[in-house]
Amino acid sequence: MNKITIDEGQVSVEIPVYDKVSAKAPVFYNPVMELNRDLSVTALQVYRDKQGRDIRICDAFGGSGIRGIRYAKEISGVECVVVNDLNPLAVEFAKQNIQENGLENVRATREDANILLRRCRGKFDVVDIDPFGTPSPFVESAAGLKTGGLLCVTATDTSALCGTYKEPCIRKYSAVPLKTEYCHENGLRILAGFISRTFAKYKKYTTPIFSHSTEHYLRIYLEVGKGAKRTDDSLKNLGYIAHCPKCLHRMTIPGLAPHIPSECSNCGGTMKVGGPLWLGNILDSDYVKRMLDLLPSTINTYNKALKLLDRCYEESFGPATFYDLHKVCKVLKTSAPPIIDVIEKLHEEGYFASRTHIKPTGIKTNAPVETIKEIILSLRG
Ligand SMILES: C[S@@+](CC[C@H](N)C(=O)[O-])C[C@H]1O[C@@H](n2cnc3c(N)ncnc32)[C@H](O)[C@@H]1O
């Protein structure tokens, strides 16, 4: 079998030669996910440092082993890593790659991730779920994570979570998606909401600490706590978003069975509704700041990772949803002024305003849509 060597972070792994990145490759490896893995290493280092003791990690969908091997090699304070995959060839390569990287605290296993996670309840501090497509069939098994643990989830079924197709989102996440300019943020919120509802059955609550939407995937990190009262309190972060496609006004409506107005209070148009989803924070400012402090300048994706984390930090102080400058200008039938001028004006008028990592033309602000429109028109002169 012809093999190629991949160098990423501080490790080298071998995989069988493949024609294109696809679930049909003999052993899956996607170079586009290097940024995902780089950010994961940093996020897990922040988590480890917060714990102040060595951690046990489960890379439940390990593929070539590159992710788990990087966790063991690049994070200081890792007791052990289990790299698991259902594909026997992937496990064979993972074993070889673990050995070649000289790691004695990493073990490769071959098991269905659901069985492994349920068999190992209470054993792991970190569980990483990185399947093909939707993570939804695996989330409940991850609820066996240690209290105080960290759950990391990748979803590549963005067409469902972000509302291109409504029915798969309802099927997989029991939530109605909302196809808007901020649909990727909604996707992260639907995923966060689904995870919190799934863990709540076990009196466990999940607090999103970092999340991002990049390329074709969504990624979220959540800390897990336990207790009926705290879980009940945490579920108060669930609710709906109503959006007016005519004037772009939007509102968040907390609660699982709230009254949701169908008429837009701003223009009288018909509101579209998405949810239930997580209305609370999906970015913890302190956590993101710590990631920025620890981001290694030696990684290949350094510039991209730095820009993403900078934007995430800025927007972590903002409300749910964002406006797309071009979309607002389309409604106004005017051309777009420079985005920084709009943000500056919003600041001058006393509003929160920042950019977002999700869209280059996105503005996160607590200003009402009509104020944003007035500012844009004033800048157009
Ligand atoms: C997206 S890839 C993982 C990529 C890897 N985490 C990385 O960063 O390179 C998904 C992997 O999950 C494996 N897989 C699919 N279904 C599984 C299951 N039920 N249990 C465990 N592994 C599974 C596939 O063989 C594949 O290697």
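At what angle do the axes of helix α12 and helix α14 cross? The legends below begin with this pair; the model shown is predicted.

**View 1. Helices α12 and α14 cross in this predicted model.** The axes of α12 (residues 325–332) and α14 (residues 369–380) cross at roughly 80° and come within 10 Å. Angles from 65 to 115 degrees count as roughly perpendicular, so α12 is roughly perpendicular to α14. From α12, the residues V328, C329 and L332 take part in the contact, and they meet I372, K373, I376 and L377 of α14. Sorted by class, this contact of α12 with α14 holds 6 nonpolar residues, 1 charged residue and no polar ones.

**View 2. Three strands form an open sheet.** The order of the strands is β13-β15-β14, and their pairing is antiparallel. β13 (323–324) and β14 (353–355) are the edge strands, and each of them pairs on one side only. Between β14 and β15 (residues 362–365) there are 3 bridges, in the antiparallel sense. S354 has K364 in β15 as its bridge partner.

**View 3. Seven strands form an open sheet with mixed pairing.** Read across the sheet, the strands follow the order β5-β4-β3-β6-β7-β9-β8. At the edges stand β5 (106–109) and β8 (204–214); each has a single partner strand, so one side of each is left without a neighbour in the sheet. On average, and with direction ignored, neighbouring strands of this sheet are turned by 15° against each other.

**View 4. Strands β3 and β4 pair in the parallel sense.** R56 is found opposite C80 in β4.

**View 5. Domain 1 and domain 2 are in contact.** Domain 1 spans 3–315 and domain 2 spans 323–380. Their centres, taken over C-alpha atoms, are separated by 30 Å. The contact draws 14 residues from domain 1 and 13 residues from domain 2. On the domain 1 side, α8 (183–200), β8 and α11 (302–315) each supply at least two of the residues that touch domain 2. The largest share of this side is from α11, with 5 residues. By class, the residues of the domain 1 side are 4 nonpolar, 5 polar and 5 charged.

**View 6. Residues surround the ligand.** How many residues surround the ligand, and which are the closest? There are 20 residues around the ligand, and the closest are F61, G63, L86, N87 and A113. The shell around the ligand divides into 10 nonpolar, 5 polar and 5 charged residues.

**View 7. A cis peptide bond leads from G275 to P276.** Omega of this bond is near 0°. P276 lies in strand β12 (residues 272–278). Most peptide bonds are trans.

**View 8. T321 has a positive phi.** The loop between α11 and β13 holds T321. Phi of T321 is near 70°, and T321 is a residue other than glycine. Most residues other than glycine have a negative phi.

Methods. Residues numbered from 1 in each chain as written. Predicted model: local features only at pLDDT ≥ 70, side-chain atom pairs only at ≥ 80, totals over all residues. Pairing = 2+ DSSP bridges. Helix = DSSP H or I, 4+ residues; strand = E, 2+ residues; numbered from the N terminus. Axes fitted to C-alpha atoms, helices over the stretch in contact; angles between N-to-C directions. Domains from an automatic or database assignment. Contact = placed C-beta atoms within 7 Å. Nonpolar A, V, L, I, M, F, W, Y, C, P; charged D, E, K, R; others polar. Near = placed C-beta within 6 Å. Parallel < 35°, antiparallel > 145°, perpendicular 65-115°, else oblique.
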